[in-house]
Amino acid sequence: MDFVNAIVLLSNFVIVPALSYGSQLALGAIGVTLIYGILRFANFAYGDLMAFGTMFAILFTWFFQSIGISLGVLPTALLAIPFAIIIAILFSLLIDKFVFSYYRIKKSPPVTLAMVSIGVMFVINSIIRIIIGPFDRRFFDGERFIIRANEFKEMTGLNEGLAIKSTQVLTLFVTIVVASILFWFLNKTRTGKSMRAYSDNEDLALLSGISPERVVMITWIIAAILATIAGTLYGLDKSFKPFTYFNNLLPIFAAAIVGGIGNPLGAFLGGYVIAFSEIFITYAYKKFFAYLLPESLEPNSLIQLLSTDYKFAVSFSILVIVLLFRPSGIFKGRVL
Amino acid sequence: MNYFSGEKMTGGYGGPDIINSCTISVDKGEIVTILGPNGAGKSTAMKALLGMLNLREGKITINEKDISNLSPQDRVKEGISFVPQTRNVFTGMTVQENLEMGAYLRDENFQDTLNEIYGLFPVLKEKRNQLAGQLSGGQRQQVALGRALMIKPSVLMLDEPTAGVSPIVMDELFNHIIKVRETGVAILMVEQNARQALSIADRGYVLVTGENKFSGSGKELLNDPEVRRSFLGG
């Protein structure tokens, strides 16, 4: 019984949260890796693009709530996502047209484009603060839990409860659907293949008659879709605060690089690698071992490798270790 | 008038002219090879024909149509296909996907062409689901040729198709190139292996410092004492 309790405890505090957090990172990392593969620069504005898309999801949610539309048990934000996506796509294409395309046509080196993206990041950041402000916003409505901790305890008679939030299940479900559609698109459709070809060998793609403008446009569209979905899921699961999206840039880049930058499947798996590492390393195992070990060996300390305040240190360390020892990433991508 | 020709092409990469009044032409069903010492402007002439170089003078025509001002991509649409010397396959994609990308500009069903190419290069059919990056050098060159042929080109340009492959594979590749000629494509290639290239070529050009130095049929050039002495090693 103690063993089951320990597993439930771990599921509740580590596995379930890591799965949903990992999914959010995975979607973001695919966006970053696609932009890197096609446009060949690290887009630091991606975190704020996520915040931008999420902001519109929130604004549309408020609008729907004000006119009395809701999805019942499901969050209204789900209804708002498609509208937010459209705005995020238009916004991305606009930025590309007025900022990035200039440097692309000039054939600027990737470092210049990365620096330009930092500028874009500050601009988007400010736009968001002007429109919605820097504060924490909760926009979740509907049924919060699928299983509550005490319901679970009553059901199973265990000491430990397993709470599953509806947003966690929603995140996982949406991620599986979106990722499946995306990989189908990249591997099976003519346009998707042309994107992979362009990312693989730009010159040869041009010689084959693949239009670079079209490939770039579709990349921005996909990146904006992923950013809005990932951002909104993150906001629903936790809360929306523009600054946290900027912070999430680090684990997202770490995920993309761990997975081998330019490799979408790698980025997807990299998201989970980073999320699990962050949460496994910052979890306090005291209670977990208390269940498993005999009383005499019960730990006195928290048995926490790192305080949760340092969770970004985990992604950063992984980033550095991967770049030092396996720059092409675990799942083989381009070398940065 | 030849099917595809560049006449009196003069130009370079912005600095001094690399090619000077250089004339190269090829007809359908013909293999023409461009030879010359290093730095003679062989690849530059090829790039000029492809439109990757701004010419100061000269005119490029295909089927009597002037294409001197078309971009490389528009020339692909005119039926000119090019196989670069290096990085000529999509390494992260399967053989079949490589071929599909070659047919990217074709909207109609290209299954027939795909089968034709598998007929021409049986090994590609066998390995169609393997990543092109995992193939041997000779097989990769076949993928590269196949990709270029998917567009059903009327002119196929090859930049050193046998660079870096073993002599046996080289013979095999030349045989493949002869088979491609039989389908009625005009083939223009730059080659380092001058003797073998001339032996399969219908005509050849020898460029020196960007100018036509010799030209003639493959046999004539092979037997020309001066060409032999300077380029074929006696």
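Analyst: Start with the labels. A residue is exposed when its relative accessible area is over 50%. Buried means under 20%, and partly exposed lies in between. Keep in mind that this is a predicted model.

Apply this to Asn69(B). Its relative accessibility is 79%, which is over 50%, so Asn69(B) counts as exposed. Where does Asn69(B) lie? Look in the loop between β5 (65–66) and α2 (72–77) of chain B. Now find Leu131(B), 62 residues from Asn69(B) along the chain. The C-alpha atoms of these two residues are separated by 37 Å.

Next, stay with α2 of chain B. Asp74(B) and Lys77(B) both lie in this helix. They are 3 residues apart, about one turn of the helix. The two form a salt bridge, with the closest N and O atoms 3.6 Å apart. A salt bridge needs such a pair within 4 Å, so this one passes the cut-off. Asp74(B) has a relative accessible area of 30%, so it is partly exposed. Lys77(B) reaches 56% and therefore counts as exposed.

Side chains of opposite charge can pair when their charged atoms come close. Over all chains, the count comes to 16 salt bridges. Lys287(A) and Glu160(A) meet through their side chains in a salt bridge, 3.0 Å from N to O. Lys287(A) lies in helix α13 (residues 286–292), while Glu160(A) sits in the loop between α5 (149–156) and β2 (164–165), so the pair ties together parts of chain A that are 127 residues apart in sequence. Lys287(A) is at 46% relative accessibility, so it counts as partly exposed. Glu160(A) is at 6%, so it counts as buried. Also in chain A, Glu143(A), Arg148(A) and Glu151(A) are linked in a network of salt bridges.

The side chains of Arg104(A) and Asp96(A) meet in a salt bridge of 2.9 Å, N to O. Arg104(A) has a relative accessible area of 28%, so it is partly exposed. Asp96(A) has 8%, so it is buried. Which residues lie nearest the centre of the second largest pocket? They are Arg104(A), Ile105(A), Lys107(A), Tyr198(A) and Glu202(A). The pocket is lined by 18 residues. About 570 Å³ of space lies inside this second largest pocket. By class, its lining has 11 nonpolar, 1 polar and 6 charged residues.

Which helices supply the lining? In chain A, α1, α3 (77–105), α4 (110–132), α8 (202–207) and α9 (212–237) each supply at least two residues. Ile221(A) is found in one of these helices, α9. Its relative accessible area is 24%, so Ile221(A) is partly exposed. Ile221(A) and Lys106(A) are 115 residues apart in sequence. In space they are 23 Å apart, C-alpha to C-alpha.

The patch is formed by Phe3(A), Val4(A), Ile7(A), Leu292(A), Leu293(A) and Leu297(A). Together they have about 520 Å² of accessible area. Helix α1 (residues 2–39) gives the largest share, 3 residues. Ile7(A) lies in that helix. Patch residues need over 30% relative accessible area. Ile7(A) has 38%, so it clears that cut-off and is labelled partly exposed.

Most residues other than glycine have a negative phi. Lys8(B) has a phi near 45 degrees, a positive value. Glu160(B) also has a positive phi, near 45 degrees. Are these residues buried or exposed? Lys8(B) has a relative accessible area of 54%, so it is exposed. It lies in strand β1 (residues 4–11). Glu160(B) has 9%, so it is buried. Find Glu160(B) in the loop between β7 (155–159) and α7 (167–182).

Methods:
Residues are numbered from 1 along each chain as its sequence is written. Chains are lettered from A and ligands numbered from 1 in the order in which they are written. This is a predicted model: local features need pLDDT of at least 70, side-chain atom pairs count only at pLDDT 80 or more; totals for chains, interfaces and linings use all residues. Side-chain values use heavy atoms; hydrogens and water are left out. Patches are made of residues with over 30% relative accessible area and no salt bridge: like charges are joined within 9 Å, nonpolar side chains (Val, Leu, Ile, Met, Phe, Trp, Tyr) within 5 Å. Accessible areas come from the Shrake-Rupley method with a 1.4 Å probe; for residues, only the protein chains shown count as cover. Helices (H or I, at least four residues) and strands (E, at least two) are DSSP runs, numbered from the N terminus. Buried means under 20% relative accessible area, exposed over 50%, partly exposed in between (1.4 Å probe, protein chains only). On a 1 Å grid over the protein atoms alone, a cavity is a set of points where a 1.4 Å probe fits but cannot get out, and a pocket is an open set with protein on both sides within 12 Å along at least five of seven lines; lining residues have an atom within 4 Å of a point. Grid points are joined across faces, edges and corners, and a volume is the space filled by probe spheres set on the points. Ala, Val, Leu, Ile, Met, Phe, Trp, Tyr, Cys and Pro count as nonpolar, Asp, Glu, Lys and Arg as charged, and the others, Gly among them, as polar.
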